[in-house]
Amino acid sequence: MGHKRLRFLGVVAAAMVFTLACGGTTGGGTPTKTYKIGLVTDIGGLNDKSFNHLADVGLEKAKTDFKIQADVKESKSGDDYVPNLTDFATKNYDLVIGVGFLMQEAVGTVSGQFPNIHFAIIDGAGTDSKGTDLKHSNVQSLFFKEQDAGAMVGVIAGWLEKNGKAKKNKHVVGAVGGISIPPVNHYIAGYKWAAKMEDPSIQVLVGYSNNFTDPAKCAGVATSQINQGADVLFQVAGGCGLGVLQSAGKASVYSIGVDADQKDADPSVIASALKKVDVATYTAIKNVVNNQFQAGALTFEIKNGGAGYSVDNLDLPAELKAELDKIEGQIKSGALTPPADIPA
Amino acid sequence: MPVGSVLFAFVIGALICVVTGANPIAAYAGLVCGGLGIGCTQGENPALQISNTIVFFIPLVTTGVAVALPFRAGLFNIGAEGQLLAGSVACCAIGIKFADLPAPILLPMVLVGGMAAGAIWAGIAGVLKATVGAHEVVTTIMLNYVAQWLVRFLIVGGPLELAPGTSKSHPIGAGAQLPTLLPADNSVIIFGLPASVFRVHSGLFIAVVAAAVFAFLLWRTAFGYEIRAVGQSQKAARYAGVSVRRTIVLTMLIAGAFSGLAGAVQIAGVDHNLTDKFFNDTTGFDAIAVALLGLGSAVGIVLAALLFGALHTGGAIMQSDAGISSNLVLVLQALILFSIAANFVGAIRRGLPFGRRASPELPTELPPAAGLMTEAAVPPPGKT
């Protein structure tokens with residue numbers, strides 16, 4: 001019988017419990033002001049290769065540029081949002097950042113309890129349980145002009161069709177959205193607008209999977225669009241959209257990723273429309289450090305480097321590169337404004 | 001000795017810390033501070049930590065009971081999660097539909113509605129077991145999926161959704177909400193913080209009463225005796241005149257009512273609406289560990305739920321204070337379960353005489369996890 005050995009293990013463990021009860025004295029103050037920044041991820045965690053990861057990248061960059069103490073809490077479930085935000089708030093952090101619209105209600109609740117603590121939330125606002133923005137004077141919303149990023153990848157899709165550089169060249173491209181909600185439609189609006197601008201004879205198919213998580217649902221919509229002749233597919237459906245990228249790969253057509261650089265998701269990904277959450281996070285921290293925190297919405301777009309695109313598994317032709325630079329410059333200068341609503 | 005399982009897990013957890021270059025003392029200090037509010041060094045508010053732990057503790061007790069009761073009848077209820085979700089849905093639907101009713105009417109309605117929905121959800125598995133002999137492990141697992149997707153359907157483009165794309169339901173009426181123990185008021189300062197920060201709610205009493213009812217039912221009623229008789233040996237119970245089918249169905253109904261109550265209390269006391277967090281809620285699965293660790297006794301379940309609640313709350317503090325990923329907490333929970341399943345408990349109980357006395361109700365040669373194996377080998381009731 002192994003119980004003697006187990007009993008020994010138990011004694012060792014008991015000893016450890018005693019030592020830890022006496023330990024744990026760390027810390028100590030610093031004379032100059034160190035800003036304390038707390039980041040709370042949503043349930044995607046730091047390795048989601050998207051929002052949470054990018055927010056952490058922005059936090060790390062801020063850490064090297066400013067005198068800050070940066071702490072991260074990963075939420076294991078939706079139950080953790082309020083306690084995680086509250087913990088940072090009770091410790092008088094100078095800025096508490098919530099990642100993603102899933103945390104809207106939690107940020108709304110906690111920001112009301114701690115009016116002297118600054119909060120920032122990516123892609124959302126501090127709301128009540130009915131989704132109404134509470135407009136607390138200590139909450140900053142970090143929003144994105146998704147249509148700017150959508151327009152840039154729309155230029156790529158339209159240019160490829162017009163110049164016969166796509167796979168089928170039937171002047172048909174597609175976009176697969178998750179659910180028909182504003183952030184999704186902003187992307188698609190910019191995409192369709194720019195594709196039509198590049199190639200007036202183009203047909204842009206728009207479909208919705210009504211899902212953000214199940215790749216199979218998006219694969220179905222993508223396959224239907226491919227069967228209708230589409231040879232560039234833009235996914236705007238989060239995890240569900242991986243099904244779009246994979247379907248495009250199987251059918252040997254091109255695909256376009258969303259939010260983060262999705263180059264590695266599938267070889268068919270030629271470009272990605274980017275929401276630069278890292279830039280937004282960094283900017284929010286910079287504002288607090290410079291004593292320039294502002295409540296309300298802060299919008300990230302091409303003009304301030306908060307939205308953009310990446311070229312992925314594609315050898316970018318020089319003419320297309322020139323076209324992209326031209327359009328990007330015109331959007332920056334205000335000569336062109338991608339629409340927020342999907343054009344007819 | 002479940003304490004041995006816990007210590008075993010913590011020792012292995014400490015080794016993992018050391019091997020990966022982290023400081024196990026700092027890690028566990030963070031856990032203790034976060035979970036119990038003791039020995040905090042970085043400005044955590046002890047009262048807040050205890051409040052958060054209790055919020056997680058409440059549903060774990062009630063669902064823990066819902067796993068432990070069928071266990072006494074030799075049934076393995078893996079479906080506490082699905083039953084909890086059914087209870088949450090019923091509570092929400094009633095709380096939204098009759099939002100204008102006053103609390104004395106609406107609050108009992110949502111709680112009883114949640115219990116009824118949970119009972120039906122578990123009752124399906126009970127009836128199938130008693131009639132066609134479908135194994136409850138399989139049916140309850142499948143019903144978990146049905147419940148999870150039902151929640152998805154209801155709040156993603158479904159009838160309970162607040163507005164398109166919100167992935168959550170309308171909030172329940174004020175009369176359906178369980179009051180918090182401290183005033184839910186931002187302007188009242190208690191323990192140095194706005195009182196509304198303390199989310200601990202009156203569901204605490206419901207959970208404690210549920211544990212007491214469980215103990216009373218099991219040890220002080222004739223039906224409790226029948227449950228235990230069926231659990232020890234179905235043949236003997238049948239020979240003694242106990243209806244095995246009736247006992248199985250009733251046990252599952254009662255267990256489901258406990259789980260459904262947990263779901264209703266969670267909505268009424270904390271969330272006040274169905275959100276997408278219920279898509280990957282794990283309370284009902286943690287409850288299996290709680291019931292096993294608590295050796296199926298009311299006191300044991302309360303203690304085990306306290307441990308798991310404290311681990312949950314402590315994990316986040318450990319991550320921010322000690323810089324160790326809160327995933328370590330999941331490792332610890334898994335190790336606790338593993339050491340129970342791997343029969344360390346039985347080995348120790350056989351070796352130590354006082355362990356036998358501590359839980360005389362369990363057959364020494366059949367530790368909890370082994371019950372699953374023997375039950376699987378028993379032919380469906382009523383077919384012999």
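Mentor: Domain bounds come from an automatic or database domain assignment. Keep in mind that this is a predicted model.

Trainee: How far apart are the centres of domain 1 and domain 2 of chain A?

Mentor: Chain A is divided into domain 1, residues 35-144, and domain 2, residues 146-274 + 314-333. Their centres are taken over C-alpha atoms. The separation is 31 Å.

Trainee: How many residues does domain 2 of chain A bring to the contact with domain 1?

Mentor: Domain 1 of chain A gives six residues. On that side, three are nonpolar, one is polar and two are charged. From domain 2 of chain A, the number is four.

Trainee: At what angle do helices α4 and α5 of chain B cross?

Mentor: Helix α4(B) spans residues 80-97, and helix α5(B) spans residues 103-131. Their axes come within 7 Å. α4(B) passes α5(B) in a right-handed crossing. The angle is roughly 145°.

Trainee: How many charged residues are in the contact of α4(B) with α5(B)?

Mentor: Residues of α4(B) in the contact include B:Gly82 and B:Ile94. Those of α5(B) include B:Leu106 and B:Trp121. By class, 14 are nonpolar and seven are polar.

Trainee: Is B:Gly13 buried or exposed?

Mentor: B:Gly13 sits in helix α1 of chain B, residues 2-19. Leaving aside neighbours within four places in sequence, B:Gly13 is in contact with B:Leu328, B:Val331, B:Leu332 and B:Leu335. A residue with 20 or more other C-beta atoms within 10 Å counts as buried. B:Gly13 has 22, so this residue is buried.

Conventions: Residues are numbered from 1 along each chain as its sequence is written. Chains are lettered from A and ligands numbered from 1 in the order in which they are written. This is a predicted model: local features need pLDDT of at least 70, side-chain atom pairs count only at pLDDT 80 or more; totals for chains, interfaces and linings use all residues. Two residues are in contact if their C-beta atoms, placed from the backbone, lie within 7 Å. Ala, Val, Leu, Ile, Met, Phe, Trp, Tyr, Cys and Pro count as nonpolar, Asp, Glu, Lys and Arg as charged, and the others, Gly among them, as polar. Axes are lines fitted to C-alpha atoms, for helices over the stretch in contact, and angles run from 0 to 180 degrees between N-to-C directions. Helices (H or I, at least four residues) and strands (E, at least two) are DSSP runs, numbered from the N terminus. A crossing is left-handed if the near helix is turned anticlockwise from the far one by less than a right angle, and right-handed if clockwise. A residue is buried if 20 or more other C-beta atoms lie within 10 Å of its own, exposed if 12 or fewer, and partly exposed in between; C-beta atoms are placed from the backbone.
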